[in-house]
Amino acid sequence: FNVTANLFDIQGTSTRVINMGSGTWTANRTNGTAWAAAATGITLNANSSTILITDAGASNKTFAGAGLTYNKLSITGGGAGSVNFTGANTFANLPQITGGTKTIKFTAGTTTTFTGGTSFGNGSNLITIASITAATHTLSKASGTISGTSLNITNSIATGGAAWYAGATPPSVDSGGNTGWIFSAAPSG
């Protein structure tokens, strides 16, 4: 089933199982926390689901993932507000971003792991990747080549074995504090 709500709040400490199935879980909150999970007592089966954060406003949104493993994640809409990720979460793909410029921030000192995906960006729309505070966060993927487009990156450590290319057309920006990113186009072939 597809599920739409302002906020998905998976809190508590009792033993519980969430089977997300194959639907799209749309969080359309206009400000504040769009997804909040607590890891204690939960078994989250992401299955082949997609989490969609619709974001077209000036307010920041938060994805508090509690260090759980999710399938696909998409972010739509532009707007000045950032999407902030808390927790050392795992996703089956790099965030798919559509609909305009966007800022994505990760918690400093945590590692966000991606098990799939090869592209990061939104065409000519600038995507800013940064930490929520002024320290570094880590993005990790075990293998493959990441091909970025129009990224502005700050305080980001790219690691895990994959080659992380920020892209060259339009030029991606190294705003400092980065390790592991290659600020050129990914090789073809």
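Modeller: Strand β7 (residues 50–54) and strand β10 (residues 72–76) pair in the parallel sense, over five bridges. Strands here are DSSP runs of E with at least two residues, numbered from the N terminus, and two of them pair if DSSP finds at least two bridges between them. Within this pair, T50 stands opposite K72 in β10.

This is a predicted model, in which local features need pLDDT of at least 70 and side-chain atom pairs count only at pLDDT 80 or more, while totals for chains, interfaces and linings use all residues. Residues are numbered from 1 along each chain as its sequence is written, and side-chain values use heavy atoms, with hydrogens and water left out.

The pair belongs to an open, parallel sheet of five strands in the order β1-β4-β7-β10-β13. At the edges stand β1 (3–5) and β13 (96–98), each with a single partner strand, so one side of each has no neighbour in the sheet. From one strand to the next, the twist averages 15 degrees; the angles, on a scale from 0 to 180 degrees, are between N-to-C directions of axes fitted to C-alpha atoms.

The protein chain as a whole has 24 strands and zero helices (helices being H or I runs of at least four residues). Of its 189 residues, 46% count as buried, meaning under 20% relative accessible area with a 1.4 Å probe, protein chains only. Among contacts (heavy atoms within 4.5 Å) with a separation of 6 or more, 47% join residues 24 or more positions apart.

How values were computed. Buried < 20%, exposed > 50% of the residue type's maximum accessible area, 1.4 Å probe, protein only.
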